[in-house]
Amino acid sequence: MTTTSGRSTAARVATALGLLVARVVPVMFGVVVAVFFLLRLVPGDPAAMILGDRATPESIAALRAELGLDQTLWNQFVAFLTQVVTQFDTGDSLVTGQSTRDMILAKAPVSLGIVLLAVLLAVLIAVPLALLAALRKDGWIDHVIRVLPTIGMGMPLFWIGLLLIILFAVELGWFPVGDVGTGPGEPLRSLFLPALAVALSMSPPLIRSLRTQLIEVLGADFVTTLRAARIPERRVVTRHVLRGAALPTFTLLSVNTAYLIGGTLVVEKVFGINGIGTLLFTSISNRDFPVVQGIALYCAVAVVLVTTLAGVLSALLDPRLRVAR
Amino acid sequence: MITSRLRQRPRLFAIAAAALSAALVLSACSGGSAPEPTESTDPVSGGTLVFGRTAAVNDLDLNQQITANNAFAIDKIFEPLVNFDENGEIIPWLAEYTENADGTEYVFMLREGLKFSDGTDVTPADVIFSLNRHLEVGGPLPLTAPIVSIEETAEREVTITLESAYTPFLSELSGFSNGIFPANFGGMEEGEFFRNPVGTGPFVVSEWDLTGDLVFVKNEHYWQEGKPYIDELVYKFVADDTQLRQQLGAGQLDAIDIVPAANAADVDEADETVLLQTPGWSTEQVFFNTQRKQFADENVRRAIAHAIDREGIAAATTFGTAEVANVLIPTNVAYSANGEGFDLAYDLEAAAEELAKSDYPDGFSITLMVPSGNSQRAQIAQIIQESLGQIGIDVTIESLDIAVFRERFREYDYDFMLNSGQLDSPDPNGFITFQADPEGFSKSYWTHYTDDRVTELMHEGRVTPEGAEREAIYFEIQQILAEQVPYIPLFFPANLKATTADVHDFVVLPNASVRFQDVWLSGE
């Protein structure tokens with residue numbers, strides 16, 4: 001099948017993918033290189049961290065040699081790049097000796113689970129509230145919905161998390177206080193409160209943005225026309241208004257999601273979850289270079305994937321974004 | 001209307017009466033027939049104990065480790081010939097022992113029927129291999145005794161000969177780094193062996209996530225009859241100490257490794273948790289870099305010692321859980337002179353006098369280095385800053401990430417710092433050496449302090465047999481250190497751990513390790 005411009009769909013997709021790769025690879029390369037050199041600029045010796053306060057200078061020197069840290073910076077960089085390109089692995093952990101790729105793949109699911117659940121909950125919180133506020137503009141509901149997120153934005157994530165633990169886990173016992181349980185349904189039950197904490201902290205700007213967009217769209221001519229044509233209000237709102245208003249909020253959501261992928265540290269700590277965030281924190285403290293580099297690469301890849309996916313979904317949402325070539 | 005209500009009332013009345021009768025019957029049943037459960041003192045076998053810790057286990061090579069996260073997993077797998085109990089007394093463990101008159105020969109007789117966790121017998125060859133490997137590797141806790149030979153001298157008998165008497169020898173041998181393992185690593189390659197270690201200890205590694213949890217199962221061949229009581233021990237990695245307490249309170253954990261002093265009272269008072277507070281083997285101190293001109297001056301150091309209210313600091317920052325330190329050696333260690341009055345008392349006038357005698361009578365500006373992420377040390381630093389301000393010393397607090405903190409003090413790039421010293425085994429020699437030996441790699445815990453009399457006494461203390469003479473030596477060392485204050489001991493932190501009410505005989509050793517083979521769970 002060809003479009004009016006004469007190029008096949010397959011060719012267009014191939015071009016789009018090619019452009020994507022051309023955009024993405026330099027970004028990831030830049031991130032990984034920057035992290036590599038920045039880590040080594042920061043003071044602190046991985047060998048000394050592994051061996052502790054009372055390690056002798058000889059044992060530290062021996063460990064540095066064993067870990068290849070006594071090589072020149074350039075040699076270390078070349079070895080590192082080779083490994084990234086050929087094995088898609090940033091090296092073995094200086095602390096545990098395990099492959100960084102394996103460590104990340106083992107820890108990523110639980111952190112990604114929090115992110116996905118948080119996004120879902122954020123949408124479930126933000127959309128109804130924003131709709132309600134927009135449809136009842138300047139009513140008392142609208143005022144309440146506008147004030148609550150402002151309070152929410154002032155509350156740090158760890159505080160929200162602790163409150164949720166105290167209420168729903170300690171007092172009511174509906175959820176575990178922390179960690180990820182095993183057994184049927186347990187992982188979901190364990191991740192619910194952390195995801196809710198993130199969602200509650202993410203939703204205030206989403207509610208405000210969506211409310212503003214909805215009010216604008218509700219005042220548009222086409223909505224008046226639809227109502228005049230006696231289309232049911234529910235259909236007007238869900239099928240036409242929401243879709244027309246969603247784009248800026250959707251963009252905001254996807255930016256937040258991308259940021260969240262590497263940013264689950266606080267919620268993991270508060271809820272005792274051993275995910276990528278915890279791994280990142282311990283690796284930075286230990287100066288475990290390969291793992292920090294690996295997580296940086298993982299975050300770069302994740303951000304690219306999320307923004308690309310968001311771009312595709314945006315085009316589906318709003319046909320005006322599907323540029324005909 | 002009225003008639004329908006009357007018709008309803010009898011029905012309601014009947015329901016209420018029935019409910020009340022049922023309640024009375026039930027309460028009579030439960031109150032009368034079932035007795036209150038009495039505190040059982042006999043250990044019960046079985047169950048899984050989940051122990052929450054804030055660091056994961058990443059290496060089980062016993063000769064190369066010193067940090068607590070690994071050490072206290074290692075000592076569940078490997079055991080030394082002799083050990084120490086919760087009072088710091090040396091006791092026979094894998095072997096009974098005798099010592100000759102001049103302290104140069106120790107004969108160890110291995111217990112009969114002693115086996116490794118894989119069922120093979122423990123032989124003198126294993127002891128020889130293990131100790132020689134430690135001597136070869138050196139490691140952060142090396143065997144410093146002047147060992148000449150380690151030989152099999154009879155069936156189940158190993159004789160260790162020293163070049164000269166070395167009083168701390170058995171104490172050194174009792175450390176976890178001198179655990180016994182199979183000769184030639186049981187036929188495995190060395191790295192492979194330490195990923196699947198075999199020892200005589202009460203537990204065997206079953207599952208191991210190097211950045212997460214470690215699961216032990218009981219060693220079916222353990223030499224202590226009936227022990228360990230628990231079937232499974234899980235070292236659960238929980239990065240945050242608030243989460244540790246919350247999970248303990250909710251019953252997700254059976255015991256936790258750390259209770260911050262600020263939360264000790266709450267944990268103690270809560271119904272579902274039990275606080276365990278035991279004396280430890282560490283000393284929180286202010287260390288002076290004596291290479292700085294201000295701190296090369298003894299009068300300055302003495303002035304600062306007089307200006308610091310150690311009792312106040314211990315009360316405020318440890319919430320009364322720690323004991324005030326008047327000398328370097330903790331009170332539960334042999335030859336501690338804590339009650340001898342050697343310390344420089346809190347006295348601002350005396351502080352001012354000392355400063356007046358120094359080269360800096362008008363005070364000076366200086367920086368106190370502390371590791372970040374430790375709220376207790378942050379508070380101590382602030383109190384010290386405030387205290388020294390009163391005698392004209394203007395302190396800036398520099399709070400650094402732990403890796404940078406370590407790098408700075410190891411390069412002697414600091415003025416003074418807050419840190420702590422720690423014993424790993426009962427004898428004070430190792431501790432004193434680390435803190436006062438100018439020949440040691442740490443150059444007296446990175447203070448660069450040296451005193452010829454202290455050095456002389458240190459050497460004497462190693463060869464003097466236990467008794468009054470040795471006590472006099474260590475007393476004199478502590479007195480000189482207290483007078484010259486290359487470091488100011490502040491307090492001896494307690495070991496603070498917690499368990500649920502179902503955990504019994506949770507024996508905590510002074511080095512903060514837990515004797516898990518003695519622990520049992522009720523309510524299983």
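I count two strands as paired if DSSP finds at least two bridges between them. Helices (H or I, at least four residues) and strands (E, at least two) are DSSP runs, numbered from the N terminus.

The model is predicted: local features need pLDDT of at least 70, side-chain atom pairs count only at pLDDT 80 or more, and totals for chains, interfaces and linings use all residues. Residues are numbered from 1 along each chain as its sequence is written, while chains are lettered from A and ligands numbered from 1 in the order in which they are written.

**Hairpin, chain B.** I looked up B:Ile150 and found B:Ile160 of S7(B) opposite. Strands S6 (residues 147-154) and S7 (residues 157-162) of chain B run antiparallel, joined by six bridges. Two residues lie between S6(B) and S7(B) in this hairpin. B:Arg156, in the turn, has a positive phi of about 60°.

**Sheet, chain B.** I traced an open, mixed sheet of seven strands, in the order S8-S9-S10-S1-S11-S19-S12. Strands S8 (203-208) and S12 (273-279) of chain B each have a single partner strand, so one side of each lacks a neighbour in the sheet.

**Helix pair, chain A.** I then checked helices H5 (residues 100-135) and H12 (residues 276-285) of chain A, whose axes come within 8 Å and cross at roughly 130°. Axes are lines fitted to C-alpha atoms, for helices over the stretch in contact, and angles run from 0 to 180 degrees between N-to-C directions.
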